[in-house]
There are 2 protein chains.
Amino acid sequence: MSDGHPPVKVSFFGGLGEIGCNMASVEVDGRILLIDVGLIFPDAEHFGVDLILPDWSALGQRAPDVDAVVITHGHEDHMGALPFFLREFRDVPIYGSRLTLGLIEAKLTEHPDVTATLREVEAGERLETGPFDLEFVGVTHSIPDGLAVAVHTPHGTILHSGDFKLDQTPIDSQPTDIPHLAAIGDEGVALLLADSTNADSPGFVPSERTVGSTMADVFAGAEGRIVCTTFASHIHRVQQAIDAAVESGRKVCFVGRSMVRNMPIARELGHLVYDDADVIEMADVGALDRDQVAIICTGSQGEPFAALSLMAAGRHRQVSLAEGDTVVMASSVIPGNESAIYKSINGLFRQGAKVVHKGIAPVHVSGHAAADELKFFHNVVRPDAFIPVHGEYRHLVAHSAIAVECGVPPEQALVCTDGDTVLLEDGRIRMGEPFQAGRVFVDGLGVGDVGNAVLRHREQLSADGVCVAVVVVDGRARLVSEPEVTQTGIIYEPELSDLLTKAAQAVSSELDRVDHDGDQAVIRRATVQTLARFWRDEVGRRPVIHAQIVEV
Amino acid sequence: MSDGHPPVKVSFFGGLGEIGCNMASVEVDGRILLIDVGLIFPDAEHFGVDLILPDWSALGQRAPDVDAVVITHGHEDHMGALPFFLREFRDVPIYGSRLTLGLIEAKLTEHPDVTATLREVEAGERLETGPFDLEFVGVTHSIPDGLAVAVHTPHGTILHSGDFKLDQTPIDSQPTDIPHLAAIGDEGVALLLADSTNADSPGFVPSERTVGSTMADVFAGAEGRIVCTTFASHIHRVQQAIDAAVESGRKVCFVGRSMVRNMPIARELGHLVYDDADVIEMADVGALDRDQVAIICTGSQGEPFAALSLMAAGRHRQVSLAEGDTVVMASSVIPGNESAIYKSINGLFRQGAKVVHKGIAPVHVSGHAAADELKFFHNVVRPDAFIPVHGEYRHLVAHSAIAVECGVPPEQALVCTDGDTVLLEDGRIRMGEPFQAGRVFVDGLGVGDVGNAVLRHREQLSADGVCVAVVVVDGRARLVSEPEVTQTGIIYEPELSDLLTKAAQAVSSELDRVDHDGDQAVIRRATVQTLARFWRDEVGRRPVIHAQIVEV
């Protein structure tokens with residue numbers, strides 16, 4: 001069946017080890033399908049950067065060859081980069097489930113210059129676009145309406161799991177469609193790409209329903225106000241919080257921009273059910289007794305301006321906490337956010353609230369299949385070859401070992417990384433030519449105008465500040481006056497006046513000494529070196545030094 | 001017995017919620033005893049700061065009143081600030097156990113300008129210094145030779161636990177001395193101050209010996225080289241790694257500055273036992289087969305220049321890892337270090353090593369008593385009043401609840417915070433006047449010359465860089481030439497040339513427009529405002545702006 005067809009190329013732009021935003025491409029007969037176009041949020045090492053996108057510049061001039069984008073589900077790390085992508089790839093249709101497209105539409109309203117062609121698909125559906133024969137499988141995750149996608153190619157079927165788990169009693173009673181996966185497996189899966197996030201966690205993730213029963217207990221036993229925080233995309237978690245609130249005789253109030261934005265969408269699309277009578281506006285919270293209110297809000301990761309963080313700092317304009325209130329953190333801890341989250345928890349305790357988090361009670365379960373679930377998945381799909389996706393390198397290694405345990409020949413279980421291309425030919429995979437993958441930083445209005453060199457400068461500035469010297473020389477390169485030396489971020493001002501005078505003197509006596517012959521480059525270099533030495537010797541610091549030579 | 005004695009004052013300089021470095025004082029009849037003088041290491045929000053000390057300036061001119069410092073054990077957060085402290089309080093004797101003083105001495109060799117009067121004490125010992133009647137109790141922790149200290153005062157006995165746990169089978173067979181604590185409890189403890197680090201963790205911490213048996217299994221089953229990382233102060237953990245190595249037919253090599261420095265001290269003082277024949281130098285590692293070597297090294301927290309991090313990056317000069325090697329991370333994850341540690345683990349996997357960490361196998365247990373151990377402790381000591389120490393606010397609240405559960409009257413279980421003073425009078429406590437506590441930053445050679453204002457400047461520099469403008473005007477305040485505008489850390493250089501020209505033009509046309517009347521302050525302000533607007537409009541960033549006006 002593969003006669004005359006070149007090998008299918010699978011390329012990984014992000015999500016495999018280095019670059020947290022998920023994006024992959026499948027190329028069949030010169031046409032390109034993209035699976036997910038995600039972004040991630042920066043951490044402390046990305047000084048001042050606002051968002052991180054995958055670098056898709058390797059697609060180069062091939063925009064006309066891109067037939068479609070499939071978005072597996074509505075999380076930012078799978079669809080968040082679409083507004084930036086669509087500025088370059090205007091007419092490419094986006095395929096996704098109803099909720100996924102609903103969330104994409106809501107996101108695009110914040111980018112009015114971007115338009116998109118959205119094509120709704122359903123779990124179980126099969127369709128063709130260009131040379132791509134696509135089949136969608138419903139999967140359970142920490143957001144409803146997730147999809148896996150099978151790409152039937154002339155060289156065999158590629159199954160991409162999306163993010164999934166195997167909760168057998170999910171809130172919407174739609175577990176990951178194992179019979180459908182089994183049917184695809186029966187026809188033969190040449191290559192499986194599957195979610196590795198929890199591949200190094202043994203066992204099974206408990207059902208989402210276990211969180212509901214814990215919440216019901218906590219809500220029922222709470223005396224004061226309840227504040228429950230989770231991700232605004234975790235519709236089923238919010239549903240369980242609403243149910244626990246109503247059961248315990250409370251009205252629900254949604255707080256936080258994305259919570260307020262997403263819930264009506266989720267309700268309209270049938271993923272969230274509540275009575276209007278059970279939901280109140282923030283303005284009405286104060287009119288009710290403390291034990292008649294449950295606030296469901298954003299801020300589970302300690303984001304400084306999110307609702308929960310403001311409450312923890314006692315700075316939320318409308319909602320205050322008091323002795324006897326209960327805060328339920330029904331959420332994960334995203335690595336890197338630990339300090340911010342603990343800061344929130346400490347602040348909440350200071351406000352007098354009791355904080356229930358996953359370290360204390362089972363108020364959170366993961367959205368990703370753990371190791372033993374992955375074994376089920378592999379044994380249902382029975383792929384000939386396997387590449388782990390979605391995870392740090394340690395997760396990919398663990399998932400590859402699971403695949404081998406479940407029967408994939410070791411040489412057909414490749415651990416790839418971002419920038420790798422794999423060729424699928426006649427049902428077997430091999431490594432292709434790697435390409436230049438990477439991160440593109442969004443900072444303010446700029447996309448890609450901040451790179452590693454700028455970040456290194458910002459790092460130096462952040463560690464030791466900046467010193468600015470202005471040296472005015474006359475036409476014969478003699479100093480017209482004492483150099484002007486100022487600083488920011490090196491040292492506390494009151495310690496300064498003498499130091500800056502001393503620094504200026506050091507520069508002028510060095511310039512007296514040096515034979516610069518009026519060469520501004522030499523004067524500048526001598527000034528920079530003198531000031532570098534000065535700050536190192538005086539305070540042991542290495543500020544960035546700007547020297548400006550002015551000839552008058 | 002308290003006739004005529006003023007109330008005893010207990011003051012908390014750090015360790016209670018905000019300031020992670022532990023330090024407390026007990027004042028009896030105008031004389032002062034300090035318990036612990038610790039430091040902590042900065043995290044990402046402390047741009048460029050090297051060390052953080054507690055602010056002891058509230059002691060003011062009272063150096064002559066300080067009779068003694070008791071150091072409970074040899075961890076940095078309990079004794080690390082001593083070199084800085086001793087520069088101000090030269091002659092104050094330091095009391096501690098033999099190992100604690102040994103580690104202090106080793107630390108002081110790095111500060112040759114500092115001398116100390118070290119007074120060795122033993123568990124079980126009682127001694128008087130000034131008005132202080134001190135009694136030392138041996139406790140188990142993640143470093144040997146830890147002490148709790150009872151201070152018998154005219155208003156009752158204050159017991160300070162130090163850091164401790166109740167491991168009943170510790171490696172040195174010296175469990176926390178419960179009979180001694182019971183005897184002190186029998187005589188009456190007016191006020192207990194106790195370690196709260198694990199107060200919100202239910203249950204008991206498993207014995208350190210469980211780590212040893214896991215290590216023995218892992219070492220016995222490992223085929224290649226073994227690298228085991230832990231804290232260089234965790235002598236018992238190192239002992240167990242040595243034992244597992246020798247049992248599995250391996251030679252041990254210590255790698256990393258503090259590991260190499262501490263092991264001979266610990267051995268000389270009898271806390272570590274090994275045969276010289278079982279330990280090799282790094283230069284000899286290469287001569288042995290991979291399965292004959294176990295390296296015990298620093299770097300468990302992902303510190304960028306520590307031995308393990310260099311190995312993970314493939315950049316350690318002497319030790320490389322290969323397929324089949326095993327890395328055992330026999331260590332905790334200090335909050336805030338997660339990202340760095342995961343980065344190490346991913347790097348180790350990339351080198352081909354298998355990584356065993358506490359998420360996978362029980363290769364670490366905590367050094368701090370968990371909630372159920374704390375209940376034992378409280379019921380043995382039976383204090384009349386309680387103040388939780390050593391922990392974040394959430395831990396202090398949890399520990400206070402435990403004290404009340406165990407019988408302390410709620411109004412005598414105070415949750416205090418850094419900067420609080422408590423008065424003990426006739427066996428009862430009450431809040432005293434708070435004082436100015438805080439953090440003192442060490443940056444390079446400077447102590448205290450970087451504060452929050454400097455950190456805010458560094459934060460702004462780190463997020464958006466710096467722009468420098470030099471405007472040269474003549475005696476009539478006319479621009480002599482186009483302003484010079486340069487930048488660092490705002491934007492990638494190749495994008496720049498046009499932008500900087502545009503920025504300079506914006507400044508010069510604004511200065512043409514503005515009626516500055518030759519006033520340099522007005523010219524400067526107009527320049528700064530113009531550039532701030534320029535960068536905001538062009539790239540959406542807010543750099544620090546330095547404008548220098550030069551009149552010629």
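In this predicted model, B:Q487 is found in strand β24 of chain B, a strand that spans residues 484–488. With a relative accessibility of 6%, B:Q487 counts as buried.

The side chain of B:Q487 has polar atoms close to backbone nitrogens of chain B, and the distances are set out below.

| Backbone nitrogen | Side chain with the polar atom | Distance |
|---|---|---|
| B:I490 | B:Q487 | 2.8 Å |
| B:I491 | B:Q487 | 3.2 Å |

Both distances fall within the 3.5 Å limit that applies to a polar contact. When residues up to four places away in sequence are not counted, B:Q487 touches B:V466, B:C467, B:E493, B:L496 and B:L500 of chain B, and B:Q487 also touches A:H546 of chain A.

Turning to the cysteines, how many disulfides does a search of the whole structure find over all chains? The search finds zero. A:C297 is in no disulfide, because the nearest cysteine sulfur, which belongs to A:C228, is 7.8 Å away, whereas a disulfide requires the two sulfur atoms to be within 2.5 Å. A:C297 is buried, and its relative accessible area is 0%.

B:C406 is likewise in no disulfide, with the nearest cysteine sulfur, that of B:C416, lying 19 Å away.

Note on methods:
Residues numbered from 1 in each chain as written. Chains lettered and ligands numbered in written order. Predicted model: local features only at pLDDT ≥ 70, side-chain atom pairs only at ≥ 80, totals over all residues. Heavy atoms only, no water. Buried < 20%, exposed > 50% of the residue type's maximum accessible area, 1.4 Å probe, protein only. Helix = DSSP H or I, 4+ residues; strand = E, 2+ residues; numbered from the N terminus. Polar contact = N/O pair within 3.5 Å; in protein donor to acceptor, adjacent residues only side chain to side chain. Contact = heavy atoms within 4.5 Å.
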